[in-house]
Amino acid sequence: MKKKLDAFNDKKIKVPFVVPTINSSDKKEVASALSSNLLTDGPNLRKFEKNFSRLTKSKFSIGVSNATSALILSLKSLGISKNDEVIIPNITFVATANAVLSCGATPILADVNYDDLNISTNSIEENISKKTKAIIPVHFAGRSCNMQKIMSIAKKNNLKIVEDCAHSLGTYYKKKHVGTFGDTGCFSFYPTKNLTTFEGGMVTCKSNSIAKHIQKARNHGIDKSLQDRFTKGYPWEFDIQNFGYNYRLDEIRSALGNNQLKRLKNMNSDRRTAAKYYDSKLKDLYGITLPSQTDTSKNSWHLYVIKIQKTSKTSRNSLFNFLLSRGIRTSVHYKPLNLFTIYKKTAKTYSSLNISKKLYDEILSLPMFPGISRKQQNLVVAAIKEKLDHNRNE
Ligand SMILES: Cc1ncc(COP(=O)(O)O)c(C=O)c1O
């Protein structure tokens with residue numbers, strides 16, 4: 001029988017796109033959490049939330065099941081609903097748009113900057129209508145959006161801001177951690193992210209009432225913690241005032257997240273070193289553009305995205321295939337939202353999306369993870385160079 005190809009255990013792959021960073025101390029913490037009598041809504045979650053607030057300097061941190069639920073809870077807590085419009089970038093993961101749709105609202109697609117792929121503030125302004133209620137800036141690839149300008153647009157137009165920080169744990173804007181500018185910040189701990197709990201997420205916010213709303217809504221709307229219900233009175237005596245979901249973050253994932261937080265600085269510094277190495281080795285290659293070089297010290301380098309110029313005579317897809325043939329996995333972040341069947345029907349735009357459309361043919365994300373070796377990076381660089389040189393001389 002022919003063996004099925006397992007893309008995540010393929011021996012031909014010399015440079016994976018991402019390698020999750022789970023070490024022996026993570027395994028120890030997980031094993032210890034597994035021995036507790038309380039497997040959800042317990043002390044590991046509280047500790048993770050407290051340490052997350054310490055790192056980001058946010059007043060509240062609320063652990064949730066993933067960043068998608070963080071976005072949904074944020075929008076719901078801000079009262080976003082049917083007939084409202086929410087402005088999001090055209091280049092982002094689909095979860096940003098799906099969260100808006102979950103509230104019954106309409107995603108409004110704004111174009112992005114060619115340079116850093118973050119939402120264009122000019123395009124945000126072009127997309128404001130009478131129905132606009134909120135903006136979701138996505139700090140793309142680990143680089144902060146222009147929060148000064150975005151906050152001033154929000155203030156002027158009385159709009160809410162939900163920061164999508166799925167790529168940006170450890171990203172700062174003017175010395176402040178992202179996720180602390182808007183009404184809420186939404187973080188992801190998916191396996192490819194800068195910190196992982198396998199699946200998991202966090203909401204940061206400064207408002208007491210939003211925090212209270214989200215704390216309850218992540219747990220069916222129940223107004224007491226599990227500890228409180230079993231410590232005092234009758235466990236079934238709780239109330240629900242507002243609709244809620246099961247979007248909890250369990251004790252095992254919280255223990256893992258807490259342990260990973262201790263290494264976040266080192267893991268992000270590994271990413272920064274790897275990005276600098278790519279910069280130094282790729283900078284003189286004809287036909288590609290490197291990630292924007294502005295303010296790189298505050299970037300958490302979730303992704304390293306190059307652009308393949310038309311003049312290189314190499315298409316993005318042919319470079320992807322060539323690298324794969326050399327055992328190197330790359331990817332594209334992301335196919336623009338306006339090209340998906342569902343958003344053609346459900347999303348709108350009042351501006352041109354020409355920059356994101358152009359970018360889609362050019363962008364390629366190179367392997368990037370803490371612990372990527374020089375040898376692996378050299379393989380990536382040599383293969384790109386070989387392909388570009390070959391096409392140029394043809
Ligand atoms: C920009 C962005 N927003 C939201 C999400 C959703 O995160 P999660 O998988 O934790 O729900 C992701 C995940 O990849 C993302 O990249």
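## Asparagine 83, a loop residue

Asparagine 83 sits in the loop that runs between α3 and β2 (85-89). Helices here are DSSP runs of H or I with at least four residues, strands are E runs of at least two, and both are numbered from the N terminus. This is a predicted model, in which local features need pLDDT of at least 70 and side-chain atom pairs count only at pLDDT 80 or more, while totals for chains, interfaces and linings use all residues. Residues are numbered from 1 along each chain as its sequence is written.

What is the phi of asparagine 83? It is positive, about 75 degrees, although this residue is not a glycine. Most residues other than glycine have a negative phi, and most peptide bonds are trans. Asparagine 83 counts as exposed because it has 9 C-beta neighbours inside 10 Å. The cut-offs work like this: a residue is buried if 20 or more other C-beta atoms lie within 10 Å of its own, exposed if 12 or fewer, and partly exposed in between, with C-beta atoms placed from the backbone.

Look for lysine 174 in the loop between β6 and β7 (176-177). Since lysine 174 has 10 C-beta neighbours inside 10 Å, it counts as exposed.

Histidine 333 and tyrosine 334 are joined by a cis peptide bond, with omega about 0 degrees. Tyrosine 334 belongs to the loop between α10 (316-325) and α11 (341-346).

## A helix with two sides

Now turn to helix α1, residues 24-34, where Asp26, Glu29 and Ala33 are buried. They cover an arc of only 65 degrees around the axis (judged by the directions from the helix axis to the C-beta atoms), which puts them on the same side of α1. An α-helix has 3.6 residues a turn, so residues three or four places apart point the same way.

Which residues are exposed on the other side of α1? They are Ser24, Lys27, Lys28, Ala31 and Leu34. The buried residues of α1 pack against α2 (43-56) and α9; two residues are in contact if their C-beta atoms, placed from the backbone, lie within 7 Å.

## Two domains

The domain assignment, which is automatic or from a database, gives domain 1 (24-261) and domain 2 (264-392). Their centres, taken over C-alpha atoms, are 26 Å apart. In all, 38 residues of domain 1 are in contact with 29 residues of domain 2.

Which element gives the most to the side of domain 1 that touches domain 2? β3 does, with five residues. That side divides into 18 nonpolar, 14 polar and six charged residues. In this grouping, Ala, Val, Leu, Ile, Met, Phe, Trp, Tyr, Cys and Pro are nonpolar, Asp, Glu, Lys and Arg are charged, and the others, Gly among them, are polar.

## Around the ligand

The shell around the ligand has six nonpolar, seven polar and one charged residues. Of its 14 residues, Asn66, Ala67, Thr68, Ala166 and Ser188 come nearest; a residue is near if its C-beta atom, placed from the backbone, lies within 6 Å of the molecule. Helices α3 (67-77) and α4 (94-102) each supply at least two residues of this shell.

## The whole protein

The protein has 13 helices and 12 strands. Buried residues make up 47% of its 394 residues.
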